Amino acid sequence: MNKNDADLGALYRETVMDHYRSPRGHKILDRIDIMREGHNPVCGDKVKLSVKMSDEGVEDVAVDCKGCAISVASASMLAELLPGKSKADIERLDEAFREMMHGKPMPDDLDLGDLDALEGVQKFPVRIKCALLAWMTMLEALRDAGNGPEAKNEVTSTEKQGEKAHAGH
Ligand code: ZN
């Protein structure tokens with residue numbers, strides 16, 4: 001295997017392809033407290049999140065993602081990880097995942113579930129936005145949670161975020 005094949009193998013790991021083929025979180029919630037869409041114009045990925053909140057944080061999430069394998073797999077992993085998590089837990093997960101995308105090791109005390117299968121994305125900087133799309137959208141949805149209905153129609157775009165595509169790599 002040459003280096004490019006090895007990198008591609010690390011990008012499309014079996015766990016990633018499994019989430020892509022059968023994405024988790026395709027469901028109808030009995031109550032929706034927050035809805036938010038996110039777009040990644042760089043790749044054309046789109047995600048729609050519906051969230052049912054509890055007193056502690058997120059009770060359940062429904063996810064509809066149309067896009068490349070990386071964006072769909074990452075959104076599916078989010079759907080698997082988030083139910084039952086507090087807002088603080090989710091912010092910590094997001095931060096650890098973001099740092100992993102930029103080459104930092106994952107903290108030992110944090111269970112990132114299948115997200116570690118996306119580690120290979122860090123070798124493809126342009127795809128980092130694909131991996132982070134659902135997470136950026138989720139964090140903005142949580143931020144909106146207390147801001148009234150007028151905040152809920154905004155769309156999260158990876159273009160507005162300071163997530164740079166490290167062109168120098
Ligand atoms: Zn993508």
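Me: Why does Cys43 count as partly exposed?

Reply: In this predicted model, Cys43 has a relative accessibility of 36%. Buried means under 20% and exposed means over 50%, so 36% falls in between and Cys43 counts as partly exposed.

Me: What makes Cys68 count as buried?

Reply: The relative accessibility of Cys68 is 15%. The cut-off for buried is under 20%, so Cys68 counts as buried.

Me: And how do you know whether Cys130 is buried or exposed?

Reply: Its relative accessible area is 1%. That value is under 20%, so Cys130 is buried. For the protein as a whole, 46% of the 169 residues count as buried.

Me: Why can Cys43 and Cys68 be said to tie parts of the chain together?

Reply: Cys43 lies in the loop between strand S1 (34-40) and strand S2 (45-53). Cys68 lies in the loop between strand S3 (58-66) and H3. The pair therefore ties together parts that are 25 residues apart in sequence.

Me: How many disulfides does a search of the whole structure find?

Reply: The search finds zero. To count, a pair of cysteine sulfur atoms would have to be within 2.5 Å.

Me: Why is H2 called roughly perpendicular to H3?

Reply: Helix H2 (residues 14-21) and helix H3 (residues 69-81) pack at an angle of about 85°, and their axes are 8 Å apart. Angles of 65 to 115 degrees count as roughly perpendicular, so H2 is roughly perpendicular to H3. On the H2 side the contact is made by Val16, Met17, His19 and Tyr20. H3 contributes residues including Ala69, Ile70 and Glu80. The residues of this contact divide into eight nonpolar, two polar and one charged.

Me: What is the pattern of helices and strands along the sequence?

Reply: The protein has five helices and four strands. Read along the sequence, they follow the pattern α-α-β-β-β-α-α-α-β.

Key
Residues are numbered from 1 along each chain as its sequence is written. This is a predicted model: local features need pLDDT of at least 70, side-chain atom pairs count only at pLDDT 80 or more; totals for chains, interfaces and linings use all residues. Side-chain values use heavy atoms; hydrogens and water are left out. Axes are lines fitted to C-alpha atoms, for helices over the stretch in contact, and angles run from 0 to 180 degrees between N-to-C directions. Helices (H or I, at least four residues) and strands (E, at least two) are DSSP runs, numbered from the N terminus. Angles under 35 degrees count as roughly parallel, over 145 as roughly antiparallel, 65 to 115 as roughly perpendicular and the rest as oblique. Contact means heavy atoms within 4.5 Å. Ala, Val, Leu, Ile, Met, Phe, Trp, Tyr, Cys and Pro count as nonpolar, Asp, Glu, Lys and Arg as charged, and the others, Gly among them, as polar. Buried means under 20% relative accessible area, exposed over 50%, partly exposed in between (1.4 Å probe, protein chains only).
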